[in-house]
Amino acid sequence: MPNLLFRGVEADKLRRIGEPLAAELADICGCGADNFTMDVMLTATVYGGLDGRSYPFVEIGWFERGQSVRDRVAEAVAGQLRSIGVEECEMVFRAYREDHYYINGKPCGRSEERRVGKECRSRWS
């Protein structure tokens, strides 16, 4: 966590920026780069795309970190995408509720077990 889901961007191009993007985002969010996951959704646009291709779109799922961090993350993602030739993109942030998040079937929000709480916090940060 956080997870970035890319649409309309080639996986091979994203592989080139995956590591530097994770490092940049980790610095912004104050956590380890290993907390980030990045996935590509293969899509085919049937209406409203760019010559049959999907418009570049990024969904960022995370635990809310505030407007200034969100702005910096958005600019970092856009900058890394520009570096691989994606000049325009849109993105949306989806904030998860801690009390709705589970790891291996264990709730992370209000866990009575300190171990589970520590595991969740290390993944959130």
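**Close-up 1. Asp-12 and Arg-15 are joined by a salt bridge, with N and O 2.6 Å apart.** A salt bridge here is a side-chain nitrogen of Lys or Arg within 4 Å of a carboxyl oxygen of Asp or Glu. This is a predicted model, in which local features need pLDDT of at least 70 and side-chain atom pairs count only at pLDDT 80 or more, while totals for chains, interfaces and linings use all residues. Residues are numbered from 1 along each chain as its sequence is written, and side-chain values use heavy atoms, with hydrogens and water left out. Both Asp-12 and Arg-15 belong to helix 1 (residues 11–29), where they sit three residues apart, about one turn of the helix. Asp-12 is exposed, at a relative accessible area of 55%, and Arg-15 is also exposed, at 61%; the terms used are buried for under 20% relative accessible area, exposed for over 50%, and partly exposed in between (1.4 Å probe, protein chains only).

**Close-up 2. A salt bridge links Arg-94 with Glu-59, at 2.8 Å from N to O.** Because Arg-94 lies in strand 4 (residues 90–95) and Glu-59 in strand 3 (residues 57–62), this pair ties together parts that are 35 residues apart in sequence. Arg-94 is partly exposed, with a relative accessibility of 45%, whereas Glu-59 is buried, with a relative accessible area of 12%.

**Close-up 3. Arg-70 and Glu-64 form a salt bridge whose closest N and O atoms are 2.6 Å apart.** In this pair Arg-70 counts as buried, at 19% relative accessibility, while Glu-64 is partly exposed, with a relative accessible area of 41%. The structure holds six salt bridges.

**Overview. The chain is built from three helices and six strands.** Helices (H or I, at least four residues) and strands (E, at least two) are DSSP runs, numbered from the N terminus. Read from the N terminus, the elements follow the order β-α-β-β-α-β-β-β-α. The chain has 125 residues, of which 35% count as buried. Among contacts (heavy atoms within 4.5 Å) in the chain with a separation of 6 or more, 69% come from residues 24 or more positions apart.
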